[in-house]
Amino acid sequence: DQNFVRQQFPAFQEASLQGQAFFDNAGGSYACAQVIEALSNYYRETKVQPYHPHPAALKAGAQMDASHARLAAYLNVDTDEVYMGPSTSQNTYVLAQAFANVLQAGDEIIVTNQDHEANIGVWHRLAKHGIVIKEWQVDPKTGALSVDDLDELITPKTKLLAFNHCSNIVAYINPVAEICAKAKAAGVITLVDGVSYAGHGLPDVGALGADIYLFSLYKTFGPHLGVMVIRNAVAELLGNQAHYFNGAYKAKWFVPAGPDHAQVAASQAVLDYFETVHDHHFAATSDVKLIAERVRKLFHETEQPLLDKLLTFLSNHPNVTLLGSDQASERAATVSIVPTQQTPQELGRKLVEQGIMCGVGHFYAVRLLEAMNVDPDTGVVRLSFVHYTTPEEIDQLIATLDQA
């Protein structure tokens with residue numbers, strides 16, 4: 001029920017945004033009303049140092065603890081396996097420093113050239129420690145990864161495999177569970193960047209089998225934080241990365257700068273939104289796993305027909321090159337194109353002038369664009385949407401694209 005859903009997002013009632021169709025969700029989704037209200041309440045009522053013995057501080061700490069516990073339930077992991085840092089880029093940086101302390105010269109890390117640079121560059125920098133960095137490369141025509149390539153890339157020296165759930169450019173949904181199972185059989189730790197996937201439904205990390213899973217709350221209708229799941233065995237291997245005297249507080253181990261208290265406390269409000277959507281469509285239940293499955297399915301079934309319509313238009317248009325698959329079943333609702341008769345900047349400007357909010361650039365996927373023979377300096381036009389995008393907005397986008 002998109003009318004109901006859009007009522008949960010103040011941006012759709014904002015006068016300054018009227019008449020504009022939002023197709024820049026991969027850069028950051030709109031925040032739901034539940035999160036905005038939670039942030040406002042925190043700043044009004046509990047903007048104090050949490051966990052101190054007075055009531056406001058105790059309430060603040062309890063809200064932060066609840067966010068960790070509720071997110072863990074939705075992700076199907078233990079509460080002490082969820083960490084919240086400033087951003088996914090910052091979280092991967094901390095992880096890289098942690099791995100540098102436990103890996104030895106000659107150990108191998110496999111990265112892709114499909115990822116956002118946040119999940120590539122930090123690992124390449126470990127080469128200065130003698131770590132061997134191997135690249136799992138995409139097909140230059142399609143931008144896709146082949147799981148079979150791992151059979152040659154993984155060796156007895158391989159310690160870590162870092163890859164994405166789906167690309168922020170070509171949006172292929174990689175078979176995470178299959179990849180993680182293959183890596184686990186070889187004794188390799190897996191790190192999955194789920195930033196471009198999670199906005200289309202929070203994943204069951206437990207079922208995927210990833211040792212580390214990361215995503216950004218500001219791309220899942222929440223505040224600007226990065227969520228990081230680190231399974232306990234890997235956390236124990238890497239050890240405390242925060243102040244030495246905080247070793248007894250596991251939630252602080254991989255957040256050395258300290259959390260943004262208000263945003264951590266407000267994070268659980270994303271789940272309030274999911275539950276509001278669930279209860280509008282289904283009978284209420286306390287089964288969090290069932291809620292997560294149902295909401296994920298709702299989002300998917302709403303997005304896929306719209307994605308199919310957009311891909312059909314783009315794949316048949318003579319003046320544009322579509323990057324990635326033209327099959328909606330293979331990808332998320334993020335679509336990147338290169339116009340053949342004008343620059344991406346020119347096309348993007350025309351779209352914006354006609355009320356289409358889109359992105360233009362390389363989106364930190366420079367290595368992927370270079371592999372696909374696309375100039376990162378001009379980049380692509382990226383059109384990204386989520387479950388609150390309407391069929392009318394897709395029609396508006398297609399008509400505007402055709403004219404532009």
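1. Pro86 is placed in the loop between β2 and α4 (88-102). The model is a predicted one, and the points below should be read as such. With a relative accessibility of 38%, Pro86 counts as partly exposed, because that value falls between the limits of 20% and 50%. In space, Pro86 is 8.7 Å from Val227, C-alpha to C-alpha, although 141 residues separate Pro86 and Val227 in sequence.

2. Salt bridges come next. The whole structure holds 12 of them. One of these joins Lys250 to Asp80, with 3.8 Å between the closest N and O atoms. The 3.8 Å separation can be set against the cut-off, which is 4 Å. As for accessibility, Lys250 is buried at 16%, whereas Asp80 is partly exposed at 36%.

3. The loop between α3 and β2 also supplies Glu81, whose partner Arg231 lies in the loop between β8 (226-230) and α10. The side chains of Glu81 and Arg231 form a salt bridge at 3.0 Å, N to O. This pair links distant parts of the chain, 150 residues apart. Glu81 has a relative accessibility of 3% and counts as buried. Arg231 is partly exposed, its relative accessible area being 23%.

4. A further salt bridge connects two helices. Asp151 belongs to helix α6 and Lys182 to helix α7 (residues 176-185), so the contact ties together parts that are 31 residues apart in sequence. The N to O distance between the side chains of Asp151 and Lys182 is 2.8 Å. Lys182 is partly exposed, with 26% relative accessible area.

5. The surface carries a patch of negative charge, in which Asp148, Asp149, Glu152 and Glu178 gather. Asp149 is located in the loop between β4 (132-136) and α6 (150-153). The relative accessible area of Asp149 is 36%, which makes Asp149 partly exposed. That value is enough for patch membership on the accessibility criterion, because the threshold is over 30%.

6. Tyr244 and Phe245 make an edge-to-face pair, with 5.2 Å from centre to centre and 75 degrees between the planes. Both Tyr244 and Phe245 are exposed.

7. Trp253 and Phe254 are likewise paired edge-to-face, at 6.4 Å centre to centre and with 65 degrees between the planes. The angle qualifies because edge-to-face requires over 60 degrees. Trp253 is buried, with a relative accessible area of 10%, and Phe254 is buried with 1%. The Tyr244 and Phe245 pair, by contrast, consists of exposed residues.

8. Ring pairs also build a cluster. Its members are Phe9, Phe12, Phe22, Tyr30, Tyr74, Phe221, Tyr273, Phe274, Phe299 and Tyr388.

Definitions and conventions. Residues are numbered from 1 along each chain as its sequence is written. This is a predicted model: local features need pLDDT of at least 70, side-chain atom pairs count only at pLDDT 80 or more; totals for chains, interfaces and linings use all residues. Side-chain values use heavy atoms; hydrogens and water are left out. Patches are made of residues with over 30% relative accessible area and no salt bridge: like charges are joined within 9 Å, nonpolar side chains (Val, Leu, Ile, Met, Phe, Trp, Tyr) within 5 Å. Accessible areas come from the Shrake-Rupley method with a 1.4 Å probe; for residues, only the protein chains shown count as cover. Lys and Arg count as positive and Asp and Glu as negative; His and the chain ends are not counted. The place of a charge is taken as NZ of Lys, CZ of Arg, CG of Asp or CD of Glu. Helices (H or I, at least four residues) and strands (E, at least two) are DSSP runs, numbered from the N terminus. Buried means under 20% relative accessible area, exposed over 50%, partly exposed in between (1.4 Å probe, protein chains only). Rings of Phe, Tyr and Trp (its six-membered ring) pair if their centres lie within 6.5 Å; planes under 30 degrees apart count as stacked, over 60 as edge-to-face and the rest as tilted.
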